[in-house]
Amino acid sequence: MCTVIRIITFLLNEENGGRPVAINRPERVTQRMIAELAGVSQATVSLVLNGKTDSTTRIPAETRQRVLEVIRETTYVADPAARSLAGVGNNLIGIFTYEHAFPHESSDFYTPLLTGIEGAAEQIGVDLLMFTSAPVVDGRRRLFHENNRLRLADGCLLLGREMDADELTRLVDSRYPFVAIGRRDAADGRIPYVGVDYGGATAQLARLAIDLGHRDFYYLHLPFAAESTRDRKDSLSAEVESAGLSVTMAVTESAEGADLDLAWAAIRKAQPTVLFVEDAGQAEALRDIAVADGVAVPEQLSIIALGERTRPSGHAVDFTRLSAPRQELGSRAVALLDQIMNGTRDSTELAHQQLVSCTVIAGATVAAPRVGSM
């Protein structure tokens, strides 16, 4: 016997236990088609798809099983937009990045972070949906734009060094579930986030240099107003000033576009005994420039990186640095978002705003200063 629905054909045969077998599916399978094949109403199919087959709906187990069997055979996928309008979750977590996530220069930050997100999403049984339709303009995407599809996901993780404060405020006011990765000051402190405690680790590294006898500090930081950049800068300044010292601050371009020869000329002129560099890749490059200029590291100049490479760079030097637990950052952000969307899964209420501690790596690029070493 053959049942034909529009241009989709199914066979029911005895060898397959009377179950429908798809012969051709050139058109999207609909709930109506599922209902006709299963011999039930479209309302029954909707209840099964939406997980509302509890005791109050009184759908017999045999009927529910028959609908599910047809769904499996036809590889039907529920329309996420329709499920959202019906107030039903899609088991989708969105990922929105304010800048491109996959360029080579971004991989140190994003690769371990996305690994942590993926593992945590798998544990709670949700799929990930990356929002990439918004173009990057002046180095940043816009969260709200004409093709916004944010509500296809039940909630969203926001990634990026710098985020638009007005957009974050608008998003939190809308009550859409989201978690920002990285500490955020916007919306009068109402932004849910999981960030890195860069300030605490930077202070620890500053104290290490002070205890070794360093008195001439120089800090090369990136040209961002992001909280992560400010936390490093403010913490270093506070720690050095508390010891009655001062630090020379200088800004460089982003990691890939910086003129580090020009930056090195300014450092050489300032004659510091210890150099702090926000970007780990720039710290590596500056170390090579210093050595080529006849300055020994760390004997004549100590270098501390306030970041870490997570991919092979071909650089054999073990830098004194801070190490941010980015994989843990990703997994904890998923856990917090899951709590916001669905309520706490255990008896422990997660903090609305969390900071994850860094590890300080002693490394081999810091030593006690020599008098007049540069």
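1. His 214 sits in the loop that runs between α8 (198-211) and β9 (217-221), where helices (H or I, at least four residues) and strands (E, at least two) are DSSP runs numbered from the N terminus. With a relative accessibility of 0%, His 214 counts as buried, a term that stands for under 20% relative accessible area, as exposed does for over 50% and partly exposed for what lies in between (1.4 Å probe, protein chains only). The side chain of His 214 reaches the backbone oxygen of Ala 367 at 2.7 Å. Apart from neighbours within four places in sequence, His 214 is in contact with Ala 209, Leu 245, Thr 273, Val 274, Ser 302, Ala 367, Ala 368 and Pro 369, contact meaning heavy atoms within 4.5 Å.

2. The model is predicted, and local features need pLDDT of at least 70, side-chain atom pairs count only at pLDDT 80 or more, and totals for chains, interfaces and linings use all residues. Residues are numbered from 1 along each chain as its sequence is written, and side-chain values use heavy atoms, with hydrogens and water left out.

3. As to the whole protein, there are twelve helices and 15 strands, and buried residues make up 45% of the 374 residues. Of the contacts with a separation of 6 or more, 69% are between residues 24 or more positions apart.

4. Helix α6 (residues 165-173) has Glu 167, Leu 168, Leu 171 and Val 172 among its residues, and these are buried. Seen down the axis of α6, the buried residues fall within an arc of 130 degrees, so they line one face of the helix; the arc is that of the directions from the helix axis to the C-beta atoms. On the other side of α6, Asp 166 and Arg 170 are exposed, while the cover over the buried residues includes β6 (155-159), β7 (178-181) and α7 (186-189). At the start of α6, a side-chain oxygen of Asp 164 comes to within 3.0 Å of the backbone nitrogen of Asp 166.

5. Helix α1 (residues 31-38) packs against helix α2 (residues 42-49) at an angle of about 110 degrees, with the axes 8 Å apart; axes are lines fitted to C-alpha atoms, for helices over the stretch in contact, and angles run from 0 to 180 degrees between N-to-C directions. The pair α1 and α2 is therefore roughly perpendicular, a label given to angles of 65 to 115 degrees. Here Gln 31, Arg 32, Ile 34 and Ala 35 of α1 meet Gln 42, Val 45, Ser 46 and Leu 49 of α2.

6. For α2 and helix α3 (residues 61-74), the packing angle is about 80 degrees and the axes are 10 Å apart, so α2 and α3 are also roughly perpendicular to each other. In this pair, Thr 44, Val 45, Val 48 and Leu 49 of α2 meet Thr 63, Arg 64, Val 67, Leu 68 and Ile 71 of α3.

7. Most residues other than glycine have a negative phi, and most peptide bonds are trans. Arg 175, in the loop between α6 and β7, has a positive phi near 65 degrees, and it is exposed, with a relative accessible area of 75%. Ala 187, found in helix α7, has a positive phi near 55 degrees, but this residue is buried, with a relative accessible area of 8%. Finally, Val 297 and Pro 298 are joined by a cis peptide bond with omega of about 10 degrees, and Pro 298 lies in the loop between α11 (280-292) and β12 (302-305).

Note on methods. A polar contact is a pair of N or O atoms within 3.5 Å; within protein, one must be able to donate a hydrogen and the other to accept it, and residues adjacent in sequence count only if both atoms are side-chain atoms. Angles under 35 degrees count as roughly parallel, over 145 as roughly antiparallel, 65 to 115 as roughly perpendicular and the rest as oblique.
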